[in-house]
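Hi,

Here is the structure I promised to pass on.

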Amino acid sequence: ENMADVSDPAIQEAYEAVLSDNDPTTYLVCKYEGKKTVVLETKGEGSLEDVLAGGFFPDDDCKFAYIRVTTGDAESRRAKFVFITHIGSTAGILQKAKMSIHKASVKDVIRNVSVECQGDSFTADDIMATVKKAQGANYDGQAS
């Protein structure tokens with residue numbers, strides 16, 4: 001049985017909070033408890049930059065994160081949802097190897113994903129560029 005255990009109800013609750021327009025929660029971070037149990041580590045309010053700077057993604061660990069970002073300009077604000085698979089550069093080989101399988105389990109809960117990023121380090125600029133690319137158009141109000 002290779003799938004991760006994602007039955008922690010707090011993951012589902014945090015996911016629904018991040019999705020909701022009426023909830024101030026903008027992100028959640030999941031961590032491992034044991035070899036294949038994924039649990040909610042934290043959720044909160046903050047920007048993409050806040051999450052990336054929050055110390056949630058150590059080099060020796062693997063995590064999943066889900067972040068609500070807003071794109072567009074005053075005329076057309078859009079919520080987009082970024083799913084991060086953090087694979088720490090010094091995390092164990094076996095743990096790294098399981099991440100793609102376990103990601104599928106986590107995405108059974110976290111289904112509404114605009115953009116996915118996977119790796120060991122991310123910048124807000126890179127992620128937002130990917131989000132804009134995924135929209136198929138640049139809505140920053142510039143004439144093209």
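This is a predicted model: local features need pLDDT of at least 70, side-chain atom pairs count only at pLDDT 80 or more; totals for chains, interfaces and linings use all residues.

The protein chain has 4 helices and 5 strands, and along the sequence they run α-β-β-α-β-β-α-β-α. The radius of gyration is 15 Å, close to the 15 Å that the globule rule gives for 144 residues, so the chain is as compact as a globular protein of that length. Buried residues account for 40% of the 144. Of the contacts with a separation of 6 or more, 61% are between residues 24 or more positions apart. The accessible surface is about 7,600 Å², and carbon and sulfur atoms contribute 46% of that.

Now the charges. There are 16 positive and 23 negative ones, with their mean positions 5 Å apart.

Start with Lys63 and Glu41, whose side chains pair at 2.8 Å, N to O. Lys63 sits in strand β3 and Glu41 in strand β2, so this pair ties together parts 22 residues apart in sequence. Lys63 is buried at 4% relative accessible area, while Glu41 is partly exposed at 32%.

Then go to Glu116, which is partly exposed at 36%. Glu116 bridges to Lys103 at 3.1 Å and to Lys107 at 2.3 Å, and these shared partners make one network of Lys103, Lys107 and Glu116. Lys103 is buried at 16%, whereas Lys107 is partly exposed at 27%.

Cheers

Technical notes
Residues are numbered from 1 along each chain as its sequence is written. Side-chain values use heavy atoms; hydrogens and water are left out. Helices (H or I, at least four residues) and strands (E, at least two) are DSSP runs, numbered from the N terminus. The radius of gyration is taken over C-alpha atoms; the globule rule is 2.2 Å times the number of residues to the power 0.38. Buried means under 20% relative accessible area, exposed over 50%, partly exposed in between (1.4 Å probe, protein chains only). Contact means heavy atoms within 4.5 Å. Accessible areas come from the Shrake-Rupley method with a 1.4 Å probe; for residues, only the protein chains shown count as cover. Lys and Arg count as positive and Asp and Glu as negative; His and the chain ends are not counted. The place of a charge is taken as NZ of Lys, CZ of Arg, CG of Asp or CD of Glu. A salt bridge is a side-chain nitrogen of Lys or Arg within 4 Å of a carboxyl oxygen of Asp or Glu.
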